[in-house]
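Please open the model in your viewer and keep the selection panel at hand. The stops below go from the whole chain to single residues.

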Amino acid sequence: MSGPIEQNSASGGTPLAPDDAPDFNPSELPVEDNISALNPDQNAGENEDDDEEEEEEEEEEEDDDDEEEEEDFLAALPPPIRSRVEDLKNLNKKRDEYMEQYLRERAELEKKYSALCQPLYDARRDIINGVESKQEEKSPSTETNEHEADKSSADGEVEGEAEIVGIPEFWTIAMCNIETIEELITERDAECLKYLQDITCEDFPNGLGFTLKFHFKSNPYFTNSVLTKTYDVPNLLLLDDEPILKNVTGCDIDWKDQDICLTHRVVCKKQRNKKGMIRHVKKNERTESFFSFFQSSKVTGCGRHG
């Protein structure tokens with residue numbers, strides 16, 4: 001189940017699908033007049049916590065109501081039928097216990113084979129980034145004659161071919177073969193993705209989610225060495241169920257310069273006040289970019305992920 005792009009389908013979905021843009025985007029507000037909107041303060045965090053507490057209280061109240069309705073329903077049944085319904089409930093409870101055991105054992109099985117596959121993914125990473133080629137260049141050859149023969153034959157090949165290290169732009173090409181991802185990648189994104197070295201997937205220990213990790217070498221765009229996106233999927237291990245997202249958590253990208261930021265751009269616009277005076281206001285506008293994928297998205301209700 002774990003691993004990069006090709007393993008996402010085994011995890012039960014296409015986690016790299018684009019996030020829907022919110023109707024209200026604070027980044028479109030004037031920078032100088034709406035700093036609090038662009039950089040949420042502590043009060044905003046407290047409001048989110050309050051909302052979560054209210055949602056939890058509402059869920060508890062709904063559960064209590066359901067239990068009361070069930071008790072009322074059972075009380076209205078004739079005693080013989082009520083007894084049989086209780087037997088059915090006990091059977092269902094036993095099945096739930098078996099399913100919990102199944103999920104625990106399957107999570108352990110996933111971990112076992114993930115560990116077995118990890119050396120393969122490491123070898124793939126080394127091949128893509130030319131690590132083996134660099135090691136071969138540094139290690140002395142015991143077969144000098146064969147080495148010289150190979151070298152002389154290589155001299156007749158196309159100039160510059162010897163300078164190619166690994167497989168350039170491997171991950172960019174791989175992602176462009178997935179239609180939903182290809183639509184997100186702009187020309188500017190493609191330049192930045194040249195620095196992408198590896199994509200990995202780490203499963204939760206309990207098997208109820210995973211984290212995608214995009215590993216970058218040093219680049220002129222941002223300081224992050226790893227960009228992440230985490231998915232909480234409570235029913236991920238249930239083969240027959242459509243995966244349901246509980247939570248999606250992205251990460252902040254530390255852009256080295258606003259001018260090189262791929263997800264937003266600063267534009268200067270004219271604005272007329274009530275007195276008719278015109279002033280120039282800077283706005284932070286969102287731009288289309290694959291890197292917007294790393295923004296967190298709030299899942300309301302039972303978000304489904306296909």
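This is a predicted model: local features need pLDDT of at least 70, side-chain atom pairs count only at pLDDT 80 or more; totals for chains, interfaces and linings use all residues.

Residues are numbered from 1 along each chain as its sequence is written, and side-chain values use heavy atoms, with hydrogens and water left out.

Switch to a surface for the next stop: the accessible surface of the chain comes to about 21,100 Å², of which 49% belongs to carbon and sulfur atoms, as computed by the Shrake-Rupley method with a 1.4 Å probe. Of the 306 residues, 28% count as buried, which is to say under 20% relative accessible area, with exposed set at over 50% and partly exposed in between (1.4 Å probe, protein chains only).

Now select E1, E2, E3 and E5, which form an open sheet of four strands in the order E1-E2-E3-E5 with antiparallel pairing; two strands pair if DSSP finds at least two bridges between them. The edge strands, each pairing on one side only, are E1 and strand E5 (247–249). Within the sheet, E2 and E3 pair in the antiparallel sense over seven bridges, and Leu212 can be found opposite Lys229 in E3.

Next, show the side chains of Met175, Phe214, Phe222, Leu227, Phe290, Phe291 and Phe294, which touch the most other members of the 32-residue largest nonpolar core. Such a core is a set of buried Ala, Val, Leu, Ile, Met, Phe, Trp, Tyr and Cys residues joined through side-chain atoms within 4.5 Å. Among the elements that give two or more residues to this core are helix H7 (170–176) and helix H9 (187–193), whereas its largest share, four residues, comes from E2.

Centre the view on Leu227 and, leaving aside neighbours within four places in sequence, look for its contacts (heavy atoms within 4.5 Å), which include Leu212, Phe214, Cys251, Ile253 and Phe294.

Finally, move to Glu132, found in helix H5 (residues 131–138). Is Glu132 buried, partly exposed or exposed? Glu132 is partly exposed, because its relative accessible area is 38%. Not counting residues up to four places away in sequence, Glu132 touches Asp126 and Ile127. A C-alpha to C-alpha distance drawn from Glu132 to Val165 gives 9.6 Å, the two being 33 residues apart in sequence.
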